[in-house]
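Have the sequence and the 3D view open while you read.

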Amino acid sequence: MRFTEHEMTTALTGTAKQMLALQRKDVRKGRVDIEEVWGEMDRYARFKMLDGLGSQLLPVLVALPDVEVDEGTRPTFTDQQIHAAVEECLGEVSGRLRRKAAVTARVAMVRMALQHLPPRSGLDLPMRPDSQ
């Protein structure tokens, strides 16, 4: 799938914040806002989190099939398309049970990232190589 740099960044940042919120008890209990926690993190800590998630998510997002996306909507993918893209990008994982767990976790993260994609506007549509 062809995503713009803005779409990829937004999806990755939203996923990182959501993963951070799942890890922090104070955020889960509603004592602290995730934006506040994200803002208090130093740049290196944010980079490490984004880098770790990016190495897992970006290849899968790129491997998703091209779908038509109307202006003002987000791209939608079937469970089979997401699962196939994850399997394609996962690499070697020893053991059937570990592989199944890795695929399940990665599929959940990809779905999370897709939820954070902004709706497409006319300016966000990626250029096709043949349109230049």
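Let's start with α1, where Glu7, Met8, Ala11, Leu12, Gly14, Thr15, Ala16, Lys17, Met19, Leu20 and Ala21 are buried; buried here means under 20% relative accessible area, with exposed over 50% and partly exposed in between (1.4 Å probe, protein chains only). The cover over those buried residues includes α2 (25–28), α3, α4 and α6. Helices here are DSSP runs (H or I, at least four residues), numbered from the N terminus.

A word on ground rules: this is a predicted model, so local features need pLDDT of at least 70 and side-chain atom pairs count only at pLDDT 80 or more, while totals for chains, interfaces and linings use all residues. Residues are numbered from 1 along each chain as its sequence is written, and side-chain values use heavy atoms, with hydrogens and water left out.

Here are two of the helices side by side; the expected span is 1.5 Å times one less than the number of residues.

| Helix | Number of residues | First to last C-alpha | Expected span |
|---|---|---|---|
| α1 | 19 residues | 27 Å | 27 Å |
| α4 | 21 residues | 29 Å | 30 Å |

Where does α4 bend? At Gly54, by about 40 degrees, taking the bend as the angle between axes fitted to the seven residues ending there and the seven starting there. Gly54 is also buried, along with Met49, Leu53, Leu57, Val60 and Leu61 of α4. What covers them includes α1 (5–23), α3 (34–40), α5 (79–90) and α6 (96–115).

Zoom in on Thr15 in helix α1. Thr15 counts as buried because its relative accessibility is 0%. Skipping residues up to four places away in sequence, Thr15 touches Leu53, Leu57, Met109, Met112, Ala113 and His116, where contact means heavy atoms within 4.5 Å.

Last stop: Arg28, which sits in helix α2. Beyond four places in sequence, Arg28 touches Ala21, Leu22 and Gln23, and its side chain reaches the backbone oxygen of Leu22 at 2.7 Å.

Methods
Helix = DSSP H or I, 4+ residues; strand = E, 2+ residues; numbered from the N terminus. Polar contact = N/O pair within 3.5 Å; in protein donor to acceptor, adjacent residues only side chain to side chain.
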